[in-house]
Amino acid sequence: MPMQAQLDRRAAVAALLGDRKDTLVVSGLGSPTYDLHSVGDHDGNFYLWGAMGGAALIGLGLAQAQPGKRVLALTGDGEQLMGLGGIATIGVARPRNLDIVVIDNQHFGETGMQASHTGRGVDLTTIATACGFAATGTVRTLAEVDRLAAEIASPADGPRLFVIKVLAENPPRSLPSRDAVFIKNRFRAHLGFAAA
């Protein structure tokens, strides 16, 4: 399938999170973490290192533990493809405060830019719809990202999954701390809990 995106991933993430308020953000391994960090480090960011396929399910656990807060799992197409079963689990759990945003370049960027399944016709929004998500959609322009940012700031009737189609490129890495204990303790402190 031809690439149908013209969006720069960093511009899309910056627009998505420009007015995040107190949204908690879990970022997936690799490029989604670099993208999140590039728009500004934040105590409410939980960066994943070495947890491929886990962003959406960690987002689910966080949404269940913090039902009064919005939770965003920012992941890539390759990672979410590894976690397809998680979409079903999230659909059954039906958290009203969880959004999953998949940054989809239709390639496995961390392993050499091989074409991913989404570049060959697999539609993550159709899968999420079949699993009972309250809303799904695909975004291809910055104007649509702006509308998406407003939508995910509002309450939902259940989990939502949106795919942002971006160019297949690897911008320079913006690296947050790789110290998992620091990241965990900073995030816990942001939520009002003591370091553990």
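Guide: Sorted by kind, the residues lining the largest pocket are 9 nonpolar, 2 polar and 6 charged. Here Ala, Val, Leu, Ile, Met, Phe, Trp, Tyr, Cys and Pro count as nonpolar, Asp, Glu, Lys and Arg as charged, and the others, Gly among them, as polar. Please keep in mind that this is a predicted model, where local features need pLDDT of at least 70 and side-chain atom pairs pLDDT 80 or more, while totals for chains, interfaces and linings use all residues. Residues are numbered from 1 along each chain as its sequence is written, and side-chain values use heavy atoms, without hydrogens and water.

The largest pocket holds about 240 Å³ of space. Of its 17 lining residues, Asp19, Arg20, Thr23, Ala149 and Ala153 are the closest to its centre. A pocket is found on a 1 Å grid over the protein atoms alone, as an open set of points where a 1.4 Å probe fits, with protein on both sides within 12 Å along at least five of seven lines; lining residues have an atom within 4 Å of a point. The volume is the space filled by probe spheres set on the points, which are joined across faces, edges and corners.

Which elements supply at least two residues each of this lining? They are helix H1 (9-16), strand E3 (71-76) and helix H7 (142-152), and H7 gives the most, with 3 residues. Helices (H or I, at least four residues) and strands (E, at least two) are DSSP runs, numbered from the N terminus.

Let us follow E3 to its neighbour. E3 pairs with strand E1 in the parallel sense over 4 bridges; two strands pair if DSSP finds at least two bridges between them. Valine 26 stands opposite alanine 73 in E3, and its bridge partner in E2 is phenylalanine 46. E1 and strand E2 (residues 45-47) are also parallel, with 3 bridges. Both faces of E1 (residues 24-27) are covered: Leu24 and Val26 on one side, Val25 and Ser27 on the other, are all buried, meaning under 20% relative accessible area with a 1.4 Å probe and protein chains only (exposed is over 50%, partly exposed in between).

Now back to H7. Together with strands E7 and E8, H7 makes a right-handed β-α-β unit: with the strands pointing away from the viewer, the path from the first strand over the helix to the second runs clockwise. E7 (residues 135-139) and E8 (residues 160-165) run parallel, joined by 5 bridges, and threonine 138 has valine 163 in E8 as its bridge partner.
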